[in-house]
Amino acid sequence: MTARACVQCGTPAHTSDRFCENCGAELAVHQVLVPQLGPVSASCAECGGESFDSDDYCVVCGHLRGATDRDERELGPIALITDRGLVHPRNEDSGAAGFLDGDGEGGPPAAIAIVVCDGVSTTDNPQAASGAAARAGVETLLSWLSDGRDAEEAMVAAIAAAGEAATAVATPDQEHAPSCTFTAAALATRGGRTDVTVGNVGDSRVYWLAAEGAAEPSQQLTVDDSWAQELITAGVADEKAAMADPRAHMITRWLGADAGAEPLPSFAVKSFSTSGPGVVLVCSDGLWNYLPNAADLATIATVGDANTAARTLVEFALASGGRDNITVAVVPIPPKDTEAA
């Protein structure tokens, strides 16, 4: 009896099958990437030309090739949305998510992985770096977690893999090698509690957002690698003063060919445990710039299902100005069954 289909090619599969007979994909692993690879427009919207350079700019008039403003995906209990925003000509964010099947068909996932990467706009082809890093990060997390490896070790490996992937997209003719940030969460629920392991390079964030009745208060789980955070950590400015500094959003660590080989600081990977109820939110600064406080985010993100919450958060960022690309991933805690999600 066939009870599921391959998420890669759609071929029907038996519940006992581990790999797809058609494409070889591992059936217990489900993954998605946003935005989907490749631009939408075959021709330039400005002049009609059909030739574009490596950064997707028209070689005739210099206009950026059009792409879909928003990409939304639901995967099991995960809601993942990326939006170009209202100002940037293209989306340089990327998001990836995946889960491992649990013991029961349609039951809660054995593990969940989410990665959000924000391309550094001052580099060449930053969207290529963010897409490659997000994809490599999620694949590594799911691979290590499926082998029963320690979640913090898996996160360190995922950051390394994402860094290698971002570095690999650079070409010799680029003056500024593509680079991006990396923020991830790996979730596993056992014995009524969900362990959340986070990893961060840059200034996207992971939050725990508590719903009514949760024992653990809403809080930011990652530490930014930014000029503002350096000021706060050094004790020379409080959060309000640090964020008012013109250099506040200058990142101090990133992934890519020019990122260097410094070891990860101790705060880059850490774990958190909760019994819920609430949600884990992974987002780029296109959202949290407008609403950085965890308790304020919780008033939006804990209302309705995950997809409703994710859409409402993106719309809030757009209504607040939409000055940056916006990527949001929401997972309810405890995670919903994959059939019901």
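Mentor: We may, bearing in mind that this is a predicted model. A disulfide is called when two cysteine sulfur atoms lie within 2.5 Å. By this rule the count here is 0 disulfides.

Trainee: Is Cys 180 buried or exposed?

Mentor: A residue counts as buried when its relative accessible area is under 20%. Cys 180 has a value of 0% and is therefore buried. Cys 58, at 4% relative accessibility, also counts as buried. Over the chain of 341 residues, buried residues make up 50%.

Trainee: How many helices and strands does the chain have?

Mentor: There are 7 helices and 16 strands. Let us take helix α2, residues 151–168, as an example. Its 18 residues, at 1.5 Å a residue, should span 26 Å, and the end C-alpha atoms are 25 Å apart, so the two values agree.

Trainee: What is found at the start of α2?

Mentor: There, a side-chain oxygen of Asp 150 comes to within 3.0 Å of the backbone nitrogen of Glu 152.

Trainee: Which residues of α2 are buried?

Mentor: First, the general idea: an α-helix has 3.6 residues a turn, so residues three or four places apart point the same way. In α2, the buried residues include Ala 154, Ala 158, Ala 161, Ala 162 and Ala 165. Met 155, Ile 159 and Gly 163 are also among them.

Trainee: What do the buried residues of α2 pack against?

Mentor: They pack against helix α1 (126–146) and several strands: β8 (179–180), β9 (182–190), β10 (193–201), β13 (255–256) and β14 (269–274).

Trainee: How many aromatic pairs are found in the whole structure?

Mentor: The search finds 1 aromatic pair. It is formed by Trp 208 and Phe 272, with 6.1 Å from centre to centre and 40° between the planes, which makes the pair tilted. Trp 208 lies in strand β11 (residues 205–210) and Phe 272 in strand β14, so the pair links distant parts of the chain, 64 residues apart. Both Trp 208 and Phe 272 are buried.

Trainee: Where does the charged end of Arg 205 sit?

Mentor: The charged end of Arg 205 sits over the ring of Trp 288, 3.4 Å from the ring centre. Likewise, Arg 149 lies over the face of Trp 144, at 3.8 Å from the ring centre.

Technical notes: Residues are numbered from 1 along each chain as its sequence is written. This is a predicted model: local features need pLDDT of at least 70, side-chain atom pairs count only at pLDDT 80 or more; totals for chains, interfaces and linings use all residues. Side-chain values use heavy atoms; hydrogens and water are left out. Buried means under 20% relative accessible area, exposed over 50%, partly exposed in between (1.4 Å probe, protein chains only). Helices (H or I, at least four residues) and strands (E, at least two) are DSSP runs, numbered from the N terminus. The expected span of a helix is 1.5 Å times one less than its number of residues. Contact means heavy atoms within 4.5 Å. A polar contact is a pair of N or O atoms within 3.5 Å; within protein, one must be able to donate a hydrogen and the other to accept it, and residues adjacent in sequence count only if both atoms are side-chain atoms. Rings of Phe, Tyr and Trp (its six-membered ring) pair if their centres lie within 6.5 Å; planes under 30 degrees apart count as stacked, over 60 as edge-to-face and the rest as tilted. A charge sits over a ring if NZ of Lys or CZ of Arg is within 6 Å of the ring centre and within 35 degrees of the ring normal.
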